[in-house]
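Dear colleague,

Please find the structure below, handed over for your use. A summary of the findings follows it.

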Amino acid sequence: MTVTKILLVDDEVEFVSALSERLRLRNYDAKAVYHAEDAMPTIMKDKPDVVLLDLKMPGIDGIEILKAIKKFDTTIKVIILSGQGDREIADEGIKVGAFDYVMKPVDIGEIITKIEQAKKSR
Amino acid sequence: MESEKDSDLRLVQLSLIAKIIASFTHEVKNHLAFIKESAGLVGDIMESRKSLTKQDIQQSLNVLQSVKDQIGKTSDLCNYLNRFAHRMDKPFSTFGVNETLEELLVLLHKLSSQKRIILERDFDKNLPAIHSDPAKLQFLIFCIIEEKLRRLDNNSRIIVKSAHSSESITIEVIPRGNSVETVEEGICPHEICQYLIKQLGGSISQEAEEIVVTLPVAGSPLHNVP
């Protein structure tokens, strides 16, 4: 059985470090980047199965990153990490190809369910 | 006419409050998300090991320290919001201009960081306290900063500088970076800024992109100052 590769893209460094560590403890190959600019080079290099993407990062439109991911490889599944007030932007993300979204603070059980669903749908 | 302007002013004030609350709750939710994941991580470490190694214990202690630090940051942020809210308790009070500016800048941090714009302080530490309306002053400075935030390119800076002479206090808002013309309507129309400054008994001037607000140390002429 292959290990699921996950890339987390979020500027909240401490949050995303803790979440990626929790995913690693559950045997996922989880890696995090904290700057939006680092997302595409890392995706092109590592080709993750699932990307957990914060759409509201400083200085960049998260929707553009999402479009770039889908343009690079449509099989990469993107789950949006969203603040509650950003439901509209999460819905917009779904329209341009995101698999699903989760609201912060996240529930680890919910996020794992969505990661597994995303992986199965590839 | 005045009541029409008062009504417009209320709308601007509501816009500021709405922006501050949205930004504040967004930030606090991020803090809570981190605290939740950290608590979960410590739980995971405990559950996943038959016996804890020195490294596990150290990792858990580090996570707990980060949680403690985060709670401190969240508490500070709540204090700023609380003080900001209480500025509206009384129409006039004696207050320190730097403290009101600091509250505003802290609460606008999330908004400015979305465009990676740094809000820099250059405060005169010896400013005298003034007797005026701190909430209106915050609204006025918010209007000026909001306009700069909309027009400046990403990765710019806005310097907020305070200074004083024997008769007045000045607050300068100095943008540093490329400004672009935008057709997007700002939150605060020019007339509202003028109305606010009139109520504060001061004046506002512009030189290139730099805005200077001047307030009398003795307080607003519209009200009796003790």
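Is Glu147(B) buried, partly exposed or exposed? Glu147(B) counts as partly exposed, at 24% relative accessibility, where buried means under 20% relative accessible area, exposed means over 50%, and partly exposed lies in between (1.4 Å probe, protein chains only).

Before the details, a word on conventions. This is a predicted model, in which local features need pLDDT of at least 70 and side-chain atom pairs count only at pLDDT 80 or more, while totals for chains, interfaces and linings use all residues. Residues are numbered from 1 along each chain as its sequence is written, chains are lettered from A and ligands numbered from 1 in the order in which they are written, and side-chain values use heavy atoms, with hydrogens and water left out.

Salt bridges

Over all chains, the structure holds 25 salt bridges, a salt bridge being a side-chain nitrogen of Lys or Arg within 4 Å of a carboxyl oxygen of Asp or Glu. Glu147(B) takes part in a salt bridge with Lys148(B), at 3.6 Å from N to O. Lys148(B) is buried, with a relative accessible area of 2%.

Another salt bridge links Asp44(B) with Arg26(A), with 2.7 Å between the closest N and O atoms. Asp44(B) belongs to helix H1 of chain B and Arg26(A) to the loop between H1 and strand E2 (29–33) of chain A, so the pair joins two chains. Helices (H or I, at least four residues) and strands (E, at least two) are DSSP runs, numbered from the N terminus. Asp44(B) is buried, with a relative accessible area of 8%, whereas Arg26(A) is partly exposed, at 30%. Both residues belong to a network of salt bridges that also links Arg22(A) and Glu37(B).

Within chain A, Glu110(A) and Lys114(A) form a salt bridge with an N to O distance of 3.3 Å. Both lie in helix H5 (residues 108–120) of chain A, four residues apart, about one turn of the helix. Glu110(A) is partly exposed at 33% relative accessibility, and Lys114(A) is buried with a relative accessible area of 14%.

Strands of chain B

Strand E4 (residues 157–164) of chain B pairs with two strands described here; two strands pair if DSSP finds at least two bridges between them. With strand E2 (residues 118–122) of chain B the pairing is parallel, over five bridges, and Arg121(B) stands opposite Val160(B) in E4(B). With strand E5 (residues 168–176) of chain B it is antiparallel, over eight bridges. His164(B) has Ile169(B) in E5(B) as its bridge partner, and a hairpin of three residues joins E4(B) to E5(B).

Glu207(B) lies in strand E6 (residues 203–207) of chain B and is exposed, at 64% relative accessibility. Glu207(B) and Ile174(B) are 33 residues apart in sequence and 9.8 Å apart in space, C-alpha to C-alpha.

Pocket and cavity

On a 1 Å grid over the protein atoms alone, a cavity is a set of points where a 1.4 Å probe fits but cannot get out, and a pocket is an open set with protein on both sides within 12 Å along at least five of seven lines; lining residues have an atom within 4 Å of a point. Grid points are joined across faces, edges and corners, and a volume is the space filled by probe spheres set on the points.

The second largest pocket holds about 520 Å³ of space. Its lining has 23 residues, and Asp11(A), Glu12(A), Glu27(B), His109(B) and Lys110(B) lie nearest its centre. Helix H2 (residues 54–86) of chain B gives the largest share of this lining, five residues.

The structure holds one cavity of 30 Å³ or more, and the largest cavity has a volume of about 30 Å³. Ser23(B), Phe24(B), Glu27(B), Leu77(B), Val106(B) and Leu107(B) line the largest cavity. H1(B) supplies the largest share of that lining, three residues, while H1 and helix H3 (97–107) of chain B each supply at least two. Nine of the eleven residues of H3(B) are buried, so this helix is largely enclosed by the rest of the structure; Val106(B) and Leu107(B) are among the buried ones.

With kind regards
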